[in-house]
Structure formats: C-alpha cells, structure tokens
Amino acid sequence: MSASTAEQALRRLELTVTRRLDGLLHGAHQGLLPGAGSEAGDSRVYVPGEDDVRRMDWNVTARTTVPHVRDLIADRELETWALADLSPSMDFGTAGTDKRDLVISAVGAIGFLSSRLGDRFGALVMHDEFIHRMPARTGRPALYGLLHSLMDAPRGAAVPDPPDLAEGIEVLAATRRRRGMRLIVSDFLDARPELDPDAERPWERPVRRLAARHQVLAVEVIDPRELELPDVGRVAFTDPETGKVREVHLTPKVRQAYAEAAELQREGTRRALRRAGIAHLVLRTDRDWVFDVAQFVLRQRRMSHVARRAHGKVT
C-alpha cells in the first residue's frame, strides 16, 4: 500500500470514529467498557437501592449523622495496550474486507478514542516469528505512526515456530504493570482446534491472569467462510499457518460436519472468555464493524447499570 493510500485510509478511519463513535461512547471520560474509577471524589448523601454500601464515607456520616457515600472519579491519563494478531490466518477475507483490515480498524478505533482523551496507547503485534513492541505514546502523530506500521506490515508467512496467542497475552501482561485497559484482537483460532466447548483453551489461563489486574476487552474477528463452506465441489485448501495444501470435496455431509465443528470451536471461545470474566466483542468481515462496536458498548453499559441497581437492592 502506498503512503498516500495508507494516509487516506487512516484519515477515513479517524473520521469514522469521530463522527459515529466518539460522541456516542464518551461522556465524562468513559471508555469502551463501563466501570468506576479509582480516585476518591466528593461525598454525597447515600441513595438506598442505588449506591453501593461499600463506598460509604463513614467519617462524613459520623459528623452529619446522615449516611454519605464517596463518589469515584474516573481515572485520567490511562495507558491502553493492544495485542494485535497479524498471523497468517488473519490474511483472509471473503466479504467486504479482510480479517487483517478489521484488526487494524479495531485497534485504530480504540486508539483514536484514547488519544482524544490524552491517554497513552501502545501495541504488541504478533507477526511471523516475533512479537513486536510499539511503545505507548500520547498524541495523534504517534498513533498514526503505529497504525502505519500495522498497515505496512507484509502478509504473514508460514514460519517453523510462531508465537501463539497464549504467549502474546503473557507478553502483554508483563509489558506494563500499571493498571489500565488491555485489548486483544484475534480470531482465537488455535493450531490444534479444540471442539469440546467446556475444555480449557491454551490462552485461557493467561487471559485470567491479565483480567485480574486490568480491564480487558477481547475482540474476535470472524469471516463468514470460517463458519460454513460453500457448495462448490472440490476445493484446494491451504493452511496459512503451515503452508500445507489439501484437496477436499465439499459434499453436503462434509459441509455440515465443518459447520458443526466451527460452531463448537466458537462456542468454546465464548465460554472461555466468559469464564475469564472479560468483555467479548465479535466483529465480522461481512458486517458494519462500527455499528457492532456501538451496539456492544451500549449493551455493556445497560448491563452495568442494571447490575449496579440490582446490587444496591440486595445490599
């Protein structure tokens, strides 16, 4: 991709984020995922059924004899790190875009939203046999440089011992200990697919350890041809991770078995991320990714609001 073409693509991405996501997703320093901050703010009168008693300000309550709670101020100058999977399996797409382009769009969207708030944004990139580190910096020029690097990265090649997702998440967890947001953008496809939905995935424990300290969002990138195969007869399939080629006759029985196996694999991913307690967003190459991101955030915030109210009623 030429420099001018890449620049135009990034400008369109920033404009899309600004027009369709920024005003919708951001209020008083709110990010993609809802959650209270960590800095203590002002005290106010306790509202039964809405406030968490764990935030009770006992000093003010004792002085005034009226129950007070202390609000939390959303964190400022946070540091967001993204793990971008640019392995060969991401160089695939049969709909409006490639999975690789969706990865860059997802990283760019969150990067632009973070930069508009003054937060630092960095990335780890899984590409070929390396995990490349791009330091966290503030500002639009730094983010443009990061996204240019992602767009200019050559197509992934089959290498003998590439890093897997579990290794990438381990590096992500060790990159920066300070609490912040962590983004994982991948197709979550393992070299040896596990079709038992309840079985532990190789990357599940690293994700749990990461979520114990950081706010984590997992973005799963999918192409429709990974879910079901077309009725086209004999086809030569190439494994992008190993380069092996195999011819398969796509009979109705084979296509049905493939669709069932794909659904089991995706269900296993959903359950593993749910067990880890992290947010899970699915982006597809045949859908409007901006609409899906917006719907996901609004749904997360509604769920968070309902959970807070339910917790207040129980306590």
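Reader: Is arginine 100 buried or exposed?

Author: Arginine 100 is buried, with a relative accessible area of 4%. Buried stands for under 20% relative accessible area, exposed for over 50% and partly exposed for what lies in between, with a 1.4 Å probe and protein chains only. This is a predicted model, in which local features need pLDDT of at least 70, side-chain atom pairs count only at pLDDT 80 or more, and totals for chains, interfaces and linings use all residues. Residues are numbered from 1 along each chain as its sequence is written, and side-chain values use heavy atoms, with hydrogens and water left out.

Reader: Where is arginine 100, and which residues does it touch, leaving out those up to four places away in sequence?

Author: Arginine 100 is in helix α3. Helices are DSSP runs of H or I with at least four residues, strands are runs of E with at least two, and both are numbered from the N terminus. Not counting residues up to four places away in sequence, arginine 100 touches Leu86, Met90, Asp91, Leu150, Met151, Ala153, Pro154 and Arg155. A contact means heavy atoms within 4.5 Å.

Reader: At what angle do α3 and α4 pack?

Author: Helix α3 (residues 99-115) and helix α4 (residues 140-152) pack at about 175°, and their axes are 10 Å apart. That makes α3 roughly antiparallel to α4, a term for angles over 145 degrees, while under 35 is roughly parallel, 65 to 115 roughly perpendicular and the rest oblique. The axes are lines fitted to C-alpha atoms over the stretch in contact, and angles run from 0 to 180 degrees between N-to-C directions.

Reader: Which residues of α3 and α4 make the contact?

Author: On α3 they are Arg100, Ile104, Val107, Gly108, Gly111, Phe112 and Ser115, and on α4 they are Leu143, Tyr144, Leu146, Leu147, Leu150 and Met151. These residues divide into nine nonpolar, three polar and one charged. Ala, Val, Leu, Ile, Met, Phe, Trp, Tyr, Cys and Pro count as nonpolar, Asp, Glu, Lys and Arg as charged, and the others, Gly among them, as polar.

Reader: Turning to the backbone, what is the phi of aspartate 128?

Author: Aspartate 128 has a phi near 55°, which is positive in a residue other than glycine. Aspartate 128 lies in the loop between β4 (120-127) and β5 (130-137).

Reader: And what is the phi of phenylalanine 188?

Author: Phenylalanine 188, also not a glycine, has a positive phi of about 55°. Phenylalanine 188 sits in the loop between β6 (181-186) and α6 (204-211) and is buried, with a relative accessible area of 1%.

Reader: How many helices and strands are in the chain?

Author: The chain has eight helices and 10 strands. Of its 315 residues, 43% are buried.
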